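Have a look at the picture, then read on.

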Amino acid sequence: MNAPVTLSPDSLAKIDKAVAKYPPDRKDSAVMAALTVAQDEKGWLSTETMDFVAQYLGMPPVAVYEVASFYTMYDLKPTGKYKLTICTNLPCALQGATNTAEYLKKTLGIGFNETTPDGRITLKEGECMGACGDAPVLIQNNKKMLCAMSNEKIDQLLKDLK
Ligand code: FES
């Protein structure tokens, strides 16, 4: 039997800090922050990790699964070393994001939610990232926003992501 999942003291302190922002009977309000912390530590969210978060926040596991499966920044299976999420919502699509997504797929040889065979890059489709004026927009590993991504900039990015 596998050892039960837990998180590092550092991650637990971050979750406690998020929980402290809400009334004591609303610990579940910190679920998105807790899932982000858990994913940052583990790399992705296994069922066991989500169960741990549920238990830590005193929530039914299914409520945690619902949140984790709704938002595209959470990964329910392992990803490559780098995750590139491209916004394909309408304002970005009208500014070339659809072509950019096709260029990424063709260049990487993978589709959305797939990882290159060398485990380097996972490609995902995302929702509006609040930077519609800077389309096409990518987010790298949920943290770094990349704007106005021309094909030339994509070529450079893919070279840089070793
Ligand atoms: S629609 Fe793409 S960032 Fe807003």
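## How α3 meets α4

Helix α3 passes helix α4 in a right-handed crossing. Handedness works like this: a crossing is right-handed if the near helix is turned clockwise from the far one by less than a right angle, and left-handed if anticlockwise. This is a predicted model, in which local features need pLDDT of at least 70 and side-chain atom pairs count only at pLDDT 80 or more, while totals for chains, interfaces and linings use all residues. Residues are numbered from 1 along each chain as its sequence is written. Helices (H or I, at least four residues) and strands (E, at least two) are DSSP runs, numbered from the N terminus.

The axes of α3 and α4 (residues 61-70) come within 8 Å and cross at roughly 120°. Those axes are lines fitted to C-alpha atoms, for helices over the stretch in contact, and angles run from 0 to 180 degrees between N-to-C directions. α3 and α4 are therefore oblique to each other. To place that word: under 35 degrees is roughly parallel, over 145 roughly antiparallel, 65 to 115 roughly perpendicular, and the rest oblique.

Which residues do the meeting? On the α3 side they are M50, D51, V53 and A54, and on the α4 side P61, V64, Y65 and A68. That contact divides into seven nonpolar residues, no polar ones and one charged. Here Ala, Val, Leu, Ile, Met, Phe, Trp, Tyr, Cys and Pro count as nonpolar, Asp, Glu, Lys and Arg as charged, and the others, Gly among them, as polar. Two residues are in contact if their C-beta atoms, placed from the backbone, lie within 7 Å.

## α3 and its other partner, α2

Helix α3 (residues 47-57) also packs against α2 (residues 31-42), at an angle of about 140° and with the axes 10 Å apart. That makes α2 oblique to α3. α2 passes α3 in a right-handed crossing.

V31, A34, L35, A38 and K42 in α2 meet T49, V53, Y56 and L57 in α3. This contact has seven nonpolar residues, one polar and one charged.

## α6 and α7

Now for another pair. Helix α6 (residues 97-108) and helix α7 (residues 151-160) have axes that come within 10 Å and cross at roughly 35°. Their crossing is right-handed. From α6 the contact uses T100, Y103, L104 and T107, and from α7 it uses N151, I154 and L158. Sorted by type, those residues are four nonpolar, three polar and no charged.

## A look at C92

C92 sits in helix α5 (residues 90-93). Is C92 buried or exposed? With 25 C-beta neighbours inside 10 Å, C92 counts as buried. The cut-offs are 20 or more other C-beta atoms within 10 Å for buried, 12 or fewer for exposed, and partly exposed in between, with C-beta atoms placed from the backbone.

Leaving aside neighbours within four places in sequence, C92 is in contact with C87, A97, C132, A135, P136 and V137. C92 and C128 are 36 residues apart along the chain, and their C-alpha atoms are separated by 8.2 Å.

## Zooming out

The chain has seven helices and five strands, in the order α-α-α-α-β-α-α-β-β-β-β-α. Its C-alpha trace spans about 50 × 35 × 25 Å along the principal axes. Buried residues make up 27% of the 162 residues.

The chain is divided into domain 1 (9-70) and domain 2 (82-160), with bounds from an automatic or database domain assignment. Taken over C-alpha atoms, the two domain centres are separated by 27 Å.
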